[in-house]
Amino acid sequence: MPIYKSFFQAQQQLADVEAIDYFFAKEMLTALSKSTELSAEQEQILSHVFFALSVSLRSGHTCLPLTELAQQHWGEAFDDQGQCSHQGFIFPDKDSLFNVLTALDLSANAQQPIVFENNCVYMRRYYQFEQTLVQAIKVRLTQRLATSPEDIINVLQQLFPPINNQQVLGVDWQQIAVANAMNKNFTVIAGGPGTGKTYTVTKLLAALVMLHDISRAKVNEQSNNQALEIALVAPTGKAAQRLSESIISAITGFKALINKDVLAAIPSQAKTIHRLLGVIPNSPNFRHDQNNLLSCDILLIDEVSMVDLPMMSRIFRALKQNAKIILLGDADQLPSVAVGSVLADIAPRPHSGYSVDNANYLAQVCQLDVQLLNHAVKQTASYSDHLSFLITSRRFDGEGGIGRLAAHVIKGESTQSWQLLQAANQSEKNQLTLVEGNLYTWLSPLIKEYYQGISSCSTIDDAFALLAKFRILCVTRQGEFGVDAINQWVKEQLAVHASQPWGQSQQNYHGMPIMISENDYRLGLFNGDIGLLWCASDKHDQLMAFFEQPKSEDEETRYKTLLPSRLPKYDSVYAMTIHKTQGSEFAHVAMLLPKNSNNLLLSRELLYTGITRAKTQLTIASNKQTWQQSVINVVKRYSGLKIVE
């Protein structure tokens, strides 16, 4: 029997619950009580466990540890006058919770919708996703490619030649990352902005092609003449486009270093994960799964911090058993919007060190002192042979304000980061600007500098180039400093100063930047894709939507062009949520934080993600309390995903 007779009754007792939490708890309790007779006390405890589990799933957690419930006054809340508005529920101690849950058959092998494993409560589907991923990774951790150290040394010497006849002093982390991935079927390369992740992984792909060619040359080529099939993917259309552009740029830069046939074997066009797996309309499943495997030999996934647990599990299910997978991303960024924090879980920081065998292998093939490597990567009781960190940023050299601010924030240094922001205003050459007071006083000049000229550009190329220079980043969609309010205000400002006869008070107008907010696989447009509404003719009589397409080095920019009426749902995009900017970067970023420091979305990971979208200039609007509280807050995702080697 449900503890609460209605959602309204539950809502009066428990704060921050939604209708889905009530119906989830009701259904789970009903299902489990069919197989086990429960006392009134057990029903009460279990009902609230299921409420808490549903809330935790909505918050992105994979599971709910008992330690987070034991003796907690859950769902209690107070109003602005300090009066209790929701009584909440007090959970018993951990042993009592354990006894209630173990009285039920909630083992992994039981056919129940709830799983209780390792003192954590799971919804079965997420437990299965987690186990699928853990087992698939463990299989690949045991796979070592039969490649001789001599061949690897030969390839590395070609890819990392001495500079001006002098060897690099210390550890070359890009070389370590390439070498560490060459003999493994699962590898993670993590690093912040400007650390050369795409540059490094392009060298890695070249190394794998070269090793494949060496292997083919050692056997009868006619019996083994199939080239490597490499697939490049990213979570969103924008991230896939940036990956394509970065790979193309890297390939162009390597022409004097790497054989042209090797470079030709590296693909330059990335696609979204959804497109790789093959979307089935009106179905949560994909065309490629364990019964219809992908054909690729090597799969590179960029921006992995954005990939949720269910999607990553589905990717591994669809891979051939011996396919190599390379994960690329920044583990300090925000985790996925949906359930899980896969990259943070499998890329623990600080690095837990390499095994003795792996450290010796890396020292041998990179031709460096193993003691130097062990000193640089501190060994612990466990180790992470699959993991490489790139730690030297060529964009943020430690002297500029953006890089220093990002470092303070991700370390949780709230006082130092705020002091850096305040001091930045005293320096004319600093990359940082802290603004307080009236939002529109300081934002209006930036609108005029970056956005007002878009519609006056002579070509669509120039318009996109100007749009890419600046973006306003917000924490939320709603509220005074939310995306919706800021976008509307910018449009009103532009309408006042519009010089074109068609004006900018219309719903759609020439020079309006837009962002797609739902996927349309038929048109090849995806959530997060950014375009421009543009009148290509001098008569301004036909407004079209333009979307940049990846291009090779010798091509002019190509565009997908569609009538606005054909587009899926879209919004104007002068301002974006910080979440939506993952996979993007801009010359100048203005980041607006809400006045209320208690906003649940505020965290150091959110600030870090917003800060590192800026390449040369960062303007921040915040008060001291909101800023410092945001730096203190940490995104915590409960998970059982642990890669132990």
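Reply: Happy to. Let's begin with a helix pair: the axes of helix 18 (residues 439–451) and helix 20 (residues 483–496) come within 11 Å and cross at roughly 65°. Axes here are lines fitted to C-alpha atoms, for helices over the stretch in contact, and angles run from 0 to 180 degrees between N-to-C directions. Helices (H or I, at least four residues) and strands (E, at least two) are DSSP runs, numbered from the N terminus.

Me: Before we go on, what sort of model is this?

Reply: This is a predicted model, where local features need pLDDT of at least 70 and side-chain atom pairs count only at pLDDT 80 or more, while totals for chains, interfaces and linings use all residues. Residues are numbered from 1 along each chain as its sequence is written, and side-chain values use heavy atoms, with hydrogens and water left out.

Me: Thanks. Which residues meet where helix 18 and helix 20 are in contact?

Reply: From helix 18 there are L439, Y440, L443, S444, I447 and Y451, and they meet I486, W489, V490, Q493 and L494 of helix 20 (contact means heavy atoms within 4.5 Å). By class, this contact has 9 nonpolar, 2 polar and no charged residues. Ala, Val, Leu, Ile, Met, Phe, Trp, Tyr, Cys and Pro count as nonpolar, Asp, Glu, Lys and Arg as charged, and the others, Gly among them, as polar.

Me: New topic: which residues of helix 4 are buried?

Reply: In helix 4 (residues 94–102), those are L97, V100 and L101. Buried means under 20% relative accessible area, exposed over 50%, partly exposed in between (1.4 Å probe, protein chains only).

Me: Why do they line one face of the helix?

Reply: Looking down the axis of helix 4, its buried residues fall within an arc of 95°, so they line one face. The arc is that of the directions from the helix axis to the C-beta atoms.

Me: And what covers them?

Reply: The cover includes helix 3 (40–58), strand 6 (114–117) and strand 7 (120–123).

Me: Let's jump to L562. Where is it, and is it buried or exposed?

Reply: L562 is in strand 19 (residues 558–562), and it counts as buried because its relative accessibility is 8%. Leaving aside neighbours within four places in sequence, L562 is in contact with L523, L525, M544, A545 and L567.

Me: What about Q582?

Reply: Q582 is in the loop between strand 21 (575–577) and strand 22 (586–592). With a relative accessible area of 4%, Q582 is buried too.
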